[in-house]
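I opened this model to take notes on its fold, its inside and its backbone. The entries are in the order in which I looked things up.

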Amino acid sequence: MVQHGQITFYTHVYSPNCHRVQLALEETKAEYTSYSVNLMEKPEWFAAKVNPVGKIPAITYGGPKTSPDQPSPESVKINESLIIVEFLADLFSEAKLLPSDPLLRTKARLFANVIETKVLDALKAFFMYGDGAEKTLYEAFETLQARLPATGFAVGEWSTADIAAGPYLTRIYMLLKNDIGKYPAGKGVEVYKTLQGPKFARLSKYIEDIKQYPSFKATWDEGLQLSIWSSNPAIQRA
């Protein structure tokens, strides 16, 4: 794959959104410079020179290769994880991250939309606000599972849909299994056991397939993620 412009990737290991972009970069075999940005101690230049919203992930594309804290004015700045993922999929079309079939491409985007809306809303409600939201989580997973084919990934072959879903689903299952969240003690393990049962068998198999996929396996360190997320004050039990 021929790469015509430099890529600088602003990221942090904690972020599932950054993990999405990392997966796309790995899948496309792009050459890139990675720069870790701690949003708790965000450098002043980041919002001014890279992303005015001040969030990660972000990339710069094109222009001369410079120090990450001095991005070239000639480079294009791109933010929002799924926009970056689709940009990379288009830029490196040989990687076939976006299906060529219009219907499958639409299905991939609809699958990602379930993650962006129902699953993320359920994540916030259950893990950050506590008890009574497991119904929302189950409903979100039922909706997602209903979109899965009988076997394989979200639209059959690995695609942008799986890149959108994997970083969040693996973290949610990890948190449940380890009972991390603002819900009452024991509720996470209870929900995890339900999700491991026959009703959600297809979803569980899908998540296991994601964890075994080469690019995901190469970028997922559950021990590290557990140590980071277990100290996140936003989901700490009082």
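These notes go from the whole chain to single residues.

**Entry 1, the model.** I am working with a predicted model. I kept that in mind for every value below.

I looked up the secondary structure and found 10 helices and 4 strands. I then read the order from the N terminus, which is β-α-β-α-β-β-α-α-α-α-α-α-α-α. The radius of gyration is 18 Å, and the globule rule gives 18 Å for 238 residues, so the chain is as compact as a globular protein of that length. For the extent of the C-alpha trace along its principal axes I noted about 55 × 45 × 25 Å.

I asked what share of the 238 residues is buried. The value is 49%. I also looked at contacts with a separation of 6 or more, and 72% of them are between residues 24 or more positions apart. The chain exposes about 11500 Å², and 54% of that comes from carbon and sulfur atoms. I read off 26 positive and 26 negative side chains, with the centres of the two sets 3 Å apart.

I picked Leu203 and listed what it touches beyond four places in sequence: Phe141, Leu144, Gln145, Leu148 and Tyr173.

I selected Met174, which lies in helix H6. Is Met174 buried or exposed? Its relative accessibility is 1%, so it counts as buried, the cut-off for buried being under 20%. Leaving aside neighbours within four places, Met174 is in contact with Trp220, Glu222, Gln225, Leu226 and Trp229. I noted the pair Met174 and Trp229 in particular: they are 55 residues apart along the chain, and their C-alpha atoms are separated by 9.5 Å.

Beyond four places in sequence, its contacts are Tyr10, Thr11, His12, Pro43, Phe46 and Ile56. I then took the separation of Val37 and Lys96, which are 59 residues apart along the chain, and got 29 Å between their C-alpha atoms.

I wrote down the general rule before looking: most residues other than glycine have a negative phi, and most peptide bonds are trans. Which two residues does a cis peptide bond join? They are Ile56 and Pro57, with omega about 5°. Pro57 is in the loop between helix H2 (44–49) and strand S3 (58–61).

I then turned to positive phi values. Lys96 is not a glycine, yet its phi is positive, about 55°. Lys96 sits in the loop between helix H3 (81–91) and helix H4 (102–129). Asp179 has a positive phi as well, near 55°, and I found Asp179 in the loop between helix H6 (160–177) and helix H7 (187–195).

Lastly I checked how accessible these two residues are. Lys96 has a relative accessible area of 64% and is exposed, whereas Asp179, with 16%, is buried.

Methods:
Residues are numbered from 1 along each chain as its sequence is written. This is a predicted model: local features need pLDDT of at least 70, side-chain atom pairs count only at pLDDT 80 or more; totals for chains, interfaces and linings use all residues. Side-chain values use heavy atoms; hydrogens and water are left out. Contact means heavy atoms within 4.5 Å. Helices (H or I, at least four residues) and strands (E, at least two) are DSSP runs, numbered from the N terminus. The radius of gyration is taken over C-alpha atoms; the globule rule is 2.2 Å times the number of residues to the power 0.38. Buried means under 20% relative accessible area, exposed over 50%, partly exposed in between (1.4 Å probe, protein chains only). Accessible areas come from the Shrake-Rupley method with a 1.4 Å probe; for residues, only the protein chains shown count as cover. Lys and Arg count as positive and Asp and Glu as negative; His and the chain ends are not counted. The place of a charge is taken as NZ of Lys, CZ of Arg, CG of Asp or CD of Glu.
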